[in-house]
Amino acid sequence: MYPDFQYLLQSLTGSPMPGWLSLFKTFGFLVALSFMGAAWATSQELRRKEKQGLLLPQYQTIVVGKKVSMLELLISAFTGFLLGFKIGGVFGHTTEISPDPMGYALSLKGSFILGLAGAAALGIWKYLEGKKQELPEPQTRKIAVYPHDLITEIVVVAALGGLAGAKIFNALETWDDFIKNPIQSLTSSSGLTFLGGLIMATICFYFYTRRHNIPFRHMCDAAAPGIMLAYGVGRLGCQLSGDGDWGIYNTAYVTAPDGALRASVAADNQYIMQMTSNTDHAFFAAPSWLPRWLCGMNYPHNVGHEGIPITGCTGDYCNVLPVSVFPTPVYEAITCIILFFVLWALRKRFTSTLQMFGTYLILVGVERFFVELIRVNYKYNFGFIHPTQAELLSVVLVITGLCLLLFYREKVPAPEQQLKSGD
């Protein structure tokens with residue numbers, strides 16, 4: 001696996017890479033790409049709905065040419081201090097920070113001197129920029145703000161709400177581990193529950209759209225394909241970093257001392273039983289026409305330090321799973337990216353509001369329900385059934401999606417009207 005860009009580039013080039021590259025995590029990079037993809041797709045859908053007349057602009061009154069206020073200068077200076085304080089604190093401490101950049105970002109560690117320099121630089125820049133735009137007589141203007149103009153804010157709201165929901169639901173799902181070290185659990189880049197993030201992001205979406213007078217139902221339809229794309233790309237980040245979101249053990253393959261994966265033999269039976277005791281597992285050897293890694297991976301150098309030590313390995317990430325597991329992040333990434341293209345191809349064919357969102361809920365619910373059958377997760381005990389949290393939420397999503405498709409009806413403009421508007 002490639003927890004950070006130092007590992008990734010060393011593997012690609014075969015040459016040693018500078019240590020500061022370890023600060024940039026592959027999971028974070030893929031998550032950033034996923035949000036960019038979601039922003040693009042959602043923006044395109046918002047523009048399309050604006051052309052249809054479904055989304056109207058809000059008019060805001062702004063004052064241009066006024067003198068920069070003291071509050072604006074203080075905000076710029078404070079922002080500059082935070083940037084200088086945190087970025088400056090990295091220099092000379094890469095080795096200590098790289099294993100847990102998120103923990104460092106949320107700590108009180110940093111460079112006070114460079115923080116002051118950053119405050120001065122950004123404060124002076126804000127003042128000079130304000131002087132350039134200052135007019136003898138400030139002017140009042142009214143501008144139209146369309147929903148697609150707010151896409152940056154929308155993505156930030158979704159990111160913060162989704163992250164909070166993903167962490168909260170993951171804590172509930174792994175409560176025993178959470179109460180042992182709640183701070184580490186909350187600040188770790190791993191341990192994210194997608195369905196929890198989806199629920200919390202939707203709630204944040206609702207209040208954001210109410211504040212800006214954007215019809216929530218149209219926002220749901222516009223965001224659905226982008227959310228599917230973001231999930232698929234984000235799962236690639238889980239796969240590259242090896243963050244623990246893998247499946248149950250596949251006992252067809254075991255790990256050699258050097259970390260390599262090999263087919264298991266009869267002599268490994270006792271070892272396999274010891275490693276997989278009290279855990280779900282299955283035996284599935286890849287057929288000749290299927291790549292072995294699609295059926296079993298042991299995630300060497302995984303970011304969660306899961307498994308056993310790799311012989312002769314030095315560095316931050318020297319663990320490997322003793323027995324292969326099903327690489328469920330790969331399955332979800334492939335499935336959800338394909339489903340994004342399906343939704344994108346169908347988006348103009350829906351004739352009623354919330355049909356797109358309802359279809360999305362059904363697809364993501366079914367996808368997640370079936371992948372849960374081979375994923376490692378805490379199971380609730382309801383007597384004769386033992387579902388996971390994700391399975392329960394998946395059922396709720398599918399039922400909600402079906403209700404939207406079967407019972408909700410609000411017509412959108414006819415196809416000829418869409419063509420007339422330039423769509």
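Residues are numbered from 1 along each chain as its sequence is written. Because the model is predicted, local features need pLDDT of at least 70, side-chain atom pairs count only at pLDDT 80 or more, and totals for chains, interfaces and linings use all residues, while side-chain values use heavy atoms, with hydrogens and water left out.

Helix α1 spans residues 5-13. Helices here are DSSP runs (H or I, at least four residues), numbered from the N terminus. Within α1, Phe 5, Gln 6, Tyr 7 and Leu 8 are buried. Buried means under 20% relative accessible area, exposed over 50%, and partly exposed in between, with a 1.4 Å probe and protein chains only. The buried residues of α1 pack against α2, residues 26-51. Contact means heavy atoms within 4.5 Å. Asp 4 caps the N-terminal end of α1. A side-chain oxygen of Asp 4 lies 3.1 Å from the backbone nitrogen of Gln 6. Such a polar contact is a pair of N or O atoms within 3.5 Å; within protein, one must be able to donate a hydrogen and the other to accept it, and residues adjacent in sequence count only if both atoms are side-chain atoms. Just after α1, Gly 14 takes a positive phi of about 75°.

A search of the whole structure finds 1 disulfide. A disulfide is defined as a pair of cysteine sulfur atoms within 2.5 Å. Cys 313 and Cys 318 form it, with their sulfur atoms 2.1 Å apart. The torsion about their S-S bond is about -70°, so the disulfide is left-handed. Cys 313 counts as partly exposed because its relative accessibility is 23%. Cys 318 has a relative accessible area of 11% and is therefore buried. Cys 238, by contrast, is in no disulfide. The nearest cysteine sulfur to Cys 238 belongs to Cys 336, 11 Å away. That separation is too far for a bond. Cys 238 is buried, at a relative accessible area of 5%. Cys 336 also counts as buried, at 0% relative accessibility.

Thr 400 lies in helix α15, residues 389-407. Its relative accessibility is 35%, so Thr 400 counts as partly exposed. A polar atom of the Thr 400 side chain lies 2.8 Å from the backbone oxygen of Val 396. In an α-helix there are 3.6 residues a turn, so residues three or four places apart point the same way. Thr 400 and Ala 77 are 323 residues apart along the chain, and their C-alpha atoms are separated by 47 Å.

Methods. Helix = DSSP H or I, 4+ residues; strand = E, 2+ residues; numbered from the N terminus.
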